[in-house]
Amino acid sequence: MKSDWRLLSPWFWRELSSFLVSWFQKGGLVIRPLKQKMSFGSKPANTEKEKISLLDLPDLTLECILEKLSPAGLCNMAGVCSSLRDRCTSDHLWEKHMKQKWGRVIGDVAKREWQWHLVSRQRSSLMNNKKQTGFFWSLYSCWPFSWSERKTESNTEPRSSLPVDSIMAWYVSLESGKFWFPAQVYNRENGHVGFMLSCYDAQLSYDSRTDTFRARYSPHGRRMVEENISWERLRAPAVDTPSHVLHNSDCLHDLKPGDHIEIQWRRNKEFPYGWWYGVVGHLESCGRNEHHCLCLYKAVKNLTKMSLPTDTVVLEFNQYPTGSRWRQTMINRKDHREVGNEADGFYGGIRKIYKEEEISMWKSLWPRHALE
């Protein structure tokens with residue numbers, strides 16, 4: 001009969017797993033390891049007292065159940081026995097949860113930071129082996145208290161600690177707020193007028209109690225920590241360029257009026273760059289007619305038409321009023337490098353925005369009134 005169960009369709013196992021998860025949440029299923037598993041070919045001695053264990057289910061059904069559990073559910077299930085612990089800490093179960101909750105704010109830079117954190121942590125543990133170990137200690141010492149309601153029995157045997165290089169360990173570290181990860185913050189300092197429509201690098205820590213973040217900005221310039229930052233104001237870095245390095249602009253020859261861009265800008269040479277939103281504008285000599293735009297060409301003697309591409313690109317920051325010194329700047333698409341001065345700041349690399357969701361995000365941050 002056991003071999004016949006394996007021939008049932010995956011659809012059956014998915015439906016059964018949904019039922020069992022619902023039953024388990026209502027308290028109808030006992031989660032416990034059996035010293036001797038039930039045989040499907042024989043009847044138990046006392047059918048009224050015998051209860052089903054999760055470990056008696058076929059592997060496919062058990063896997064479907066685990067895939068439907070929340071992160072908190074997986075952690076609770078991992079504390080039952082070594083067999084379930086090995087299953088519940090598997091990377092393939094946690095990849096989905098990591099992507100769903102953290103995928104938008106975790107980028108390649110944060111992944112490298114986590115790897116460096118693991119190496120540093122391993123070195124520290126080799127130098128100090130006197131700290132308490134064990135699965136529950138390693139898990140509950142960093143898991144949010146609201147998720148940790150299970151109590152271990154006094155006669156519970158010691159278990160191995162949570163795999164530090166697993167996706168589950170990374171998720172738990174992020175959720176607990178103990179791991180500060182690099183990301184970028186829109187409109188830093190609670191939308192301070194001096195940072196409207198900008199995005200700056202920061203080190204971030206999650207607060208599960210308020211579902212918000214704390215940010216530590218670069219030590220150069222203004223030292224500060226900002227709190228209560230919502231998810232909507234965060235993003236993973238769009239390019240892999242450190243905040244003190246000039247970005248290599250590879251889109252200059254493709255820029256045309258109406259294009260949406262981000263450009264690096266900093267107050268002085270000691271400050272880090274931030275990314276500022278703008279659009280490509282028209283030259284003064286152009287009539288701003290989209291069907292007869294002359295901005296892409298320059299006049300050449302002895303030719304009746306504009307024929308050669310112009311090197312000048314106008315960048316506009318329309319959040320500032322007309323006449324403001326921050327309203328407009330010009331760059332040379334042929335030989336662009338950092339330009340500016342101590343009075344107006346320094347403009348760096350440029351990236352063209354192609355994705356509509358990025359453009360929509362910037363527009364959603366638009367100030368209600370023009371900035372002075």
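Me: Before counting anything, what counts as a helix or a strand here?
Reply: Helices (H or I, at least four residues) and strands (E, at least two) are runs taken from DSSP and numbered from the N terminus. The protein chain has 11 helices and 13 strands.

Me: Where does this model come from, and how are residues numbered?
Reply: This is a predicted model, in which local features need pLDDT of at least 70 and side-chain atom pairs count only at pLDDT 80 or more, while totals for chains, interfaces and linings use all residues. Residues are numbered from 1 along each chain as its sequence is written, and side-chain values use heavy atoms, with hydrogens and water left out.

Me: How much of the chain is buried?
Reply: Of its 372 residues, 43% count as buried. Buried means under 20% relative accessible area, exposed means over 50%, and partly exposed lies in between (1.4 Å probe, protein chains only).

Me: Which residues have the most contacts inside the largest nonpolar core?
Reply: Trp102, Phe181, Leu204 and Phe213, in a core of 44 residues. Helix H9 (residues 167-176) gives the most to this core, with 7 residues. A nonpolar core is a set of buried Ala, Val, Leu, Ile, Met, Phe, Trp, Tyr and Cys residues joined through side-chain atoms within 4.5 Å.

Me: Which residues are in the second core?
Reply: That separate core has 20 residues, including Leu255, Trp276, Phe317 and Trp326.

Me: Back to Leu204. What does Leu204 touch?
Reply: Leaving out residues up to four places away in sequence, Leu204 touches Phe179, Trp180, Phe181, Ala183, Val185, Phe213, Arg214, Ala215, Ile229 and Leu234. Contact means heavy atoms within 4.5 Å.

Me: Helix packing next. At what angle do H6 and H9 cross?
Reply: Roughly 35 degrees, and their axes come within 8 Å. Axes are lines fitted to C-alpha atoms, for helices over the stretch in contact, and angles run from 0 to 180 degrees between N-to-C directions.

Me: Left-handed or right-handed?
Reply: The crossing of H6 and H9 is left-handed. That term applies if the near helix is turned anticlockwise from the far one by less than a right angle; clockwise is right-handed.

Me: Which residues of H6 and H9 make the contact?
Reply: From H6, Asp91, Trp94, Glu95, His97, Met98, Lys101 and Trp102; from H9, Ile167, Met168, Trp170, Tyr171, Leu174 and Glu175. They divide into 8 nonpolar, 1 polar and 4 charged. Ala, Val, Leu, Ile, Met, Phe, Trp, Tyr, Cys and Pro count as nonpolar, Asp, Glu, Lys and Arg as charged, and the others, Gly among them, as polar.

Me: How far apart are the axes of H3 and H6?
Reply: Helix H3 (residues 59-68) and helix H6 (residues 91-102) have axes 10 Å apart and pack at about 25 degrees. H3 passes H6 in a right-handed crossing. The contact uses Glu63, Leu66 and Glu67 of H3 with His92, Leu93 and Lys96 of H6.

Me: Is H4 largely enclosed or exposed?
Reply: Helix H4 (residues 71-78) has 7 of its 8 residues buried, so it is largely enclosed by the rest of the structure.

Me: And where is Gln319?
Reply: Gln319 is in the loop between strand S10 (312-316) and strand S11 (328-332). Gln319 counts as buried, at 2% relative accessibility. Not counting residues up to four places away in sequence, its contacts are Met196, Leu197, Tyr277, Trp366, Pro367, Ala370 and Leu371.
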